[in-house]
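Work through the exercises below with the sequence and the model in view. Try each task before reading its solution.

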Amino acid sequence: MHGDNEATMKLPIALDLPRKELDELIDKAKDWALMNGLCFRSKSDFNRDLLQFAPYALMPSPFPREEFQNACDIQIILNTLVHRVAHDYDFLKETLQETVKVDDFTRNLFDIYETVHREGAAQKLSLAILRSDLMLDTSCPKKDAKKLKPHCCWKQVEINTIASGFGWLGPATTRLHRFVLQELGYQDELRNLPENNALETLCSGMIEAWSLYGESKAIILFVIEDITYNICDQRFHEFEIRRQNPRVSVIRRNLTELAATARLGANMELLVDDHVVSVVYYRCGYEPGQYHSQKEWDARLLIERSLAIKCPSIQYHLAGTKKVQQTLAKPGMVARFLKDEKTAAKVKEIFTGLYPLDFDEHGNAAVEMGISNPQRFVLKPQREGGCNNKYGLDIRNFLQSVKSEQARVAWILMDRLYPPVHKNYIVKPGSNAQLEMKELISELGIFGVVIGSDKDIIVNRQGGHMLRTKLATDNEGGVAAGLGACDTLPDVIHATAKYEVGHESREIFFFREGSIVMWNISDLECGNLMKFLRSYEYNRYPEELVHTESELMAYMYTDSRRKSHLKNGNIILTREADNLDKYTFSNAMAQSVKLGAWEVSLNRYIDSIEFVTEDLKAGRKLRMTQQEVLRKQGELFNLRHRINLSSDLLDTPDFYWERDDLESLYQQICGYFSIAKRTRVMNERLNHCVELVSILSSHLSDRHHVRLEWMIIILIMVEVAFEVLHYVERYLVK
């Protein structure tokens, strides 16, 4: 579907604005970006005291809702896959054995990995902040292409395991596009902008890692570049951490500074300027140029040897190399790590064609493919950082120059994707020329957070996204490099039936977290719809919970001029009410149902540890291992995160900020369902559970220490006994 007849996607808003209106909108949007932190420092005229807005698409770009949801859903599986790959020493060693011979950067990373693996890691836990980048494709064979769609599928371009940026710029762009749509009068389209909680999710992952470290005075270390251009994206992470937990401090150091100031304590704890570091978050270290000398590599090794939780650990860094991704694309490789065949097949389906350039028949064939038809491919190096890829005739020239050299092994050939184009305006700083509409393509990034060890995964979640947009004629699309632009996507699905019942429309609101609110839908249709959706559910709730945690409310219309409201538990709608009124009622009901499901989850959790309080009361030996307690901690933090960070239970959703009437209606319905009170009670119960699990963890840790002390005492006694025997043998026997 690519070539002369390019597939296109259209926005449901008018782009061809009068010049005066367009110029005023651009000026407003620029000021909004500057005043709300959608900014960079200039690379061409650097001044740490000055900021300029990041390049952005003026309007939100279209993206298929189904493909977006599928990408979000599969991220949990990808998190699991990467985690297991990162903890498979034999797989990483075998996969990278040829690459380390020709790529000094990968060899240095692997040498650190080997050292830590040989010595034994002081810290078993790792924190990974991942971003899976994907693109729509139109180049499928015609027989496989879906009709009536401007694309046939989506494919993963790469998965980033270190310095996965734009956790702030993605959500900031969503807010910018809300502002733009409101300025243009497209309030109805705001519902098509999905919630983007990337910053909250990523920072909560760091805070959970900090908590698992177990030292309340420890700090989080950001490892940064010598000069930081993408300052807002980094600083807003720091500010969000402080907002979520004011007790957590963050310091920023580059590798050169750490080489001079970092050291290990007596228990392998990482000390920087006498601060104990609990979590190390790398925002650099992914490019050779960031290691100026051996002392920077020594600093990286020292950090990896330490007790601090790394984001990412060295094995995660290696798991993100292109060679590993190419090896996973081979038949049977995904199934090695994901035992479920259907799950493995689902992941395999999104992989792009990847071809190694090894010195064997497959590598030679890939070289010949790249030389003979370079337009079909992208040539990628092992390292991260963007703007290092080769395209078109550059592929042919490069492959011909290294055809007989070992250096070619450090590169991967990948099928080129041809995404559908759409039209929009790209706003860049420093350009005074009149802005013209351009043909653009977009790349979607889905964020994931994983915390775990080689034995277990404690935290695994997806949260937030970013969309990078570039000219359809551009090859690279790095925002930090100034080539691409930040963008957002068109969260709730609103469906209206074709046929009315009793002159009344039948409507359904589907919410991303799994709640469904139906208006004027019969019980029979409701049951049929639930059965139909069952095959598309992921991590579904138990059947009895679905039937128990539901709300049934009556609604009626009134001819009075009073606004839509709630009266005696009944919904009163005005005849003039639009879909936003129904959406507001539906949103609050969905929140209540969601909270109810979490209340049941907490009750089950409490029941599962009920025996512990009885054992403590009776003075009996605890019937839990340290691993079981750690798993219970993970369950608790996961539930706590979902209630307080991944939902709008503690605050009014952003959607209502500039809709005062709908905000009052939403708060009235939430009051009817006692959402604030129920949330407060849940948090009090959660705090009690946290205290209990902390006592268990401390008790088991003390018991472990006592066991070790007794072992030492016994060993000393054995040694004394041997010395006595030697003394008797040496002096008394004679």
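**Exercise 1. Find which residues of helix α16 are buried, and say how they are placed around the axis.**

Step 1. Helix α16 spans residues 393–402, and its buried residues include Ile 395, Phe 398, Leu 399 and Val 402. Buried means under 20% relative accessible area, exposed over 50%, and partly exposed in between (1.4 Å probe, protein chains only). Helices (H or I, at least four residues) and strands (E, at least two) are DSSP runs, numbered from the N terminus.

Step 2. These residues lie on the same side of α16, because they cover an arc of only 95 degrees around the axis. The arc is taken from the directions that lead from the helix axis to the C-beta atoms. An α-helix has 3.6 residues a turn, so residues three or four places apart point the same way.

Step 3. The buried residues of α16 pack against α15 (361–372), β13 (377–381), β14 (390–391) and β15 (411–415). Contact means heavy atoms within 4.5 Å.

A note on the source: this is a predicted model, in which local features need pLDDT of at least 70 and side-chain atom pairs count only at pLDDT 80 or more, while totals for chains, interfaces and linings use all residues. Residues are numbered from 1 along each chain as its sequence is written, and side-chain values use heavy atoms, with hydrogens and water left out.

**Exercise 2. Describe the open sheet of four strands and the helix that lies across β12, β13 and β15.**

Step 1. The strand order is β12-β15-β13-β14, with antiparallel pairing. Two strands pair if DSSP finds at least two bridges between them.

Step 2. β12 and β14 are the edge strands, each with a single partner, so one side of each has no neighbour in the sheet.

Step 3. Five bridges join β13 and β15 in the antiparallel sense. Lys 380 stands opposite Ile 412 in β15.

Step 4. Helix α15 lies across β12, β13 and β15, and runs at about 120 degrees to β12. Axes are lines fitted to C-alpha atoms, for helices over the stretch in contact, and angles run from 0 to 180 degrees between N-to-C directions.

**Exercise 3. How many salt bridges does the structure hold? Work out where the partners of three of them lie.**

Step 1. The structure holds 24 salt bridges. A salt bridge is a side-chain nitrogen of Lys or Arg within 4 Å of a carboxyl oxygen of Asp or Glu.

Step 2. Arg 468 pairs with Asp 133, and their closest N and O atoms are 3.0 Å apart. Arg 468 is in strand β19 (residues 457–471) and Asp 133 in strand β4 (residues 126–137), so this pair ties together parts 335 residues apart in sequence. Arg 468 counts as buried at 12% relative accessibility, and Asp 133 at 0%.

Step 3. Glu 304 and Arg 300 meet in a salt bridge (3.4 Å, N to O). Both lie in helix α10 (residues 294–305), four residues apart, about one turn of the helix.

Step 4. Asp 358 forms a salt bridge with Lys 323, with 3.0 Å between the closest N and O atoms. Asp 358 is in the loop between β12 (354–356) and α15, while Lys 323 is in helix α12 (residues 322–328), so the pair links distant parts of the chain, 35 residues apart. Asp 358 is buried at 14% relative accessible area, and Lys 323 at 4%.

Step 5. Salt bridges that share partners join Arg 131, Asp 133, Glu 443 and Arg 468 into one network.
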